[in-house]
Amino acid sequence: MKKIFVSIAGLVILIMFSMVPFFNSVVIEDGKTARSLAFFDANEGSEFSIEYIHSIHKTPVREIYQVRHEEILQTEMRFQEFGVGMPSGAAEGEVFAQKGENYILSNMKRTFPSLDIRIGQIIANHTLLLNGNKYPFSAFSEKGSWVSIKVEKLNIWQRLIGGKKLG
């Protein structure tokens with residue numbers, strides 16, 4: 001009887017331990033249902049980028065982000081054309097430069113609790129760039145859908161059933 005009690009107690013402790021969120025991650029969720037679509041491990045300072053084709057000028061845009069505390073920090077933006085949705089200069093403390101055909105806005109310190117993105121249906125081809133790999137958002141979400149990207153701590157169960165692991 002004692003062995004059964006010890007086994008049950010051990011199992012309960014193991015289950016409770018598996019529910020503790022301690023894996024730092026960036027999670028991509030369905031914007032309507034909050035269902036996890038994909039995630040990747042991210043420590044303080046981890047960097048990732050989002051690349052897309054601008055819907056009006058049809059030129060590439062790359063936004064570079066870092067994980068800071070429990071937020072997402074935009075550090076840089078690269079683009080080729082001025083126009084709708086593109087910066088026309090630098091804010092205080094930022095650096096605006098031109099390198100070849102690219103405009104680069106760097107030293108950005110814009111923080112977001114989450115990033116909400118509407119995945120392009122035709123032109124945009126939103127793509128996550130992570131550790132030298134490219135992950136099209138259309139691989140884990142519908143074109144035209146809304147996704148939310150945020151920093152979270154995940155437990156073992158969330159990692160097992162929380163969508164596609166990237167990176």
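Analyst: Let's start with one definition: two strands count as a pair if DSSP finds at least two bridges between them. Strand S1 (residues 23-30) and strand S12 (residues 146-154) pass that test, with eight bridges joining them, and they run antiparallel. Keep in mind that you're looking at a predicted model.

Now zoom out a bit. S1 and S12 belong to an open sheet of five strands, in the order S9-S12-S1-S2-S13, and the pairing is mixed. At the edges you'll find strand S9 (114-118) and S13, each of which pairs on one side only.

What about cover? Aspartate 41 has 40% relative accessibility, so it counts as partly exposed. Lysine 165, at 41%, is partly exposed too.

Another one links arginine 62 and glutamate 51, whose closest N and O atoms are 2.7 Å apart. Here the partners come from strand S4 (residues 60-68), which holds arginine 62, and strand S3 (residues 47-53), which holds glutamate 51, so the bridge ties together parts 11 residues apart in sequence. Arginine 62 is partly exposed at 29%, whereas glutamate 51 is buried, with a relative accessible area of 19%. Why "buried" at that value? Because the label goes to anything under 20%.

Arginine 78 and glutamate 76 also meet in a salt bridge, at 2.5 Å from N to O. Arginine 78 is partly exposed, with 32% relative accessible area, and glutamate 76 is buried at 15%. Some bridges share partners, and in that way Asp41, Arg159 and Lys165 are joined into one network.

Next, the nonpolar side of things. The largest nonpolar core has 32 residues, and the members that touch the most other members are Ile28, Phe48, Ile50, Leu128, Phe137, Ile149 and Leu166. Pick phenylalanine 137 and look around it: leaving aside residues up to four places away in sequence, it touches Ile28, Ile50, Ile119, His126, Thr127, Leu128, Val147 and Ile149.

Leu11, Leu14, Ile15, Met19, Trp157, Leu160 and Ile161 form a nonpolar patch, with about 770 Å² of accessible area together. Two helices, H1 (2-18) and H2 (156-161), each supply at least two residues of the patch. Tryptophan 157 has its place in helix H2, and it is partly exposed, with a relative accessible area of 40%.

Finally, a look at some loops. In the loop between S3 and S4 there's histidine 57, which is buried at 17% relative accessible area. Its contacts include Glu81, Phe82 and Met86, again not counting residues up to four places away in sequence.

The loop between S9 and strand S10 (127-130) holds asparagine 125. Its phi is near 50°, a positive value in a residue other than glycine. Why point that out? Because most residues other than glycine have a negative phi. Asparagine 125 is partly exposed, at 48% relative accessible area. Asparagine 131 has a phi near 50° as well, and it isn't a glycine either. You'll find asparagine 131 in the loop between S10 and strand S11 (133-136). Its relative accessibility is 64%, so asparagine 131 counts as exposed.

Definitions and conventions
Residues numbered from 1 in each chain as written. Predicted model: local features only at pLDDT ≥ 70, side-chain atom pairs only at ≥ 80, totals over all residues. Heavy atoms only, no water. Buried < 20%, exposed > 50% of the residue type's maximum accessible area, 1.4 Å probe, protein only. Salt bridge = Lys/Arg side-chain N within 4 Å of Asp/Glu carboxyl O. Helix = DSSP H or I, 4+ residues; strand = E, 2+ residues; numbered from the N terminus. Contact = heavy atoms within 4.5 Å. Core = buried A, V, L, I, M, F, W, Y, C linked by side-chain atoms within 4.5 Å. Patch = residues over 30% accessible without salt bridge, like charges linked within 9 Å, V, L, I, M, F, W, Y side chains within 5 Å. Areas by Shrake-Rupley, 256 points an atom, 1.4 Å probe, with all protein chains shown as cover.
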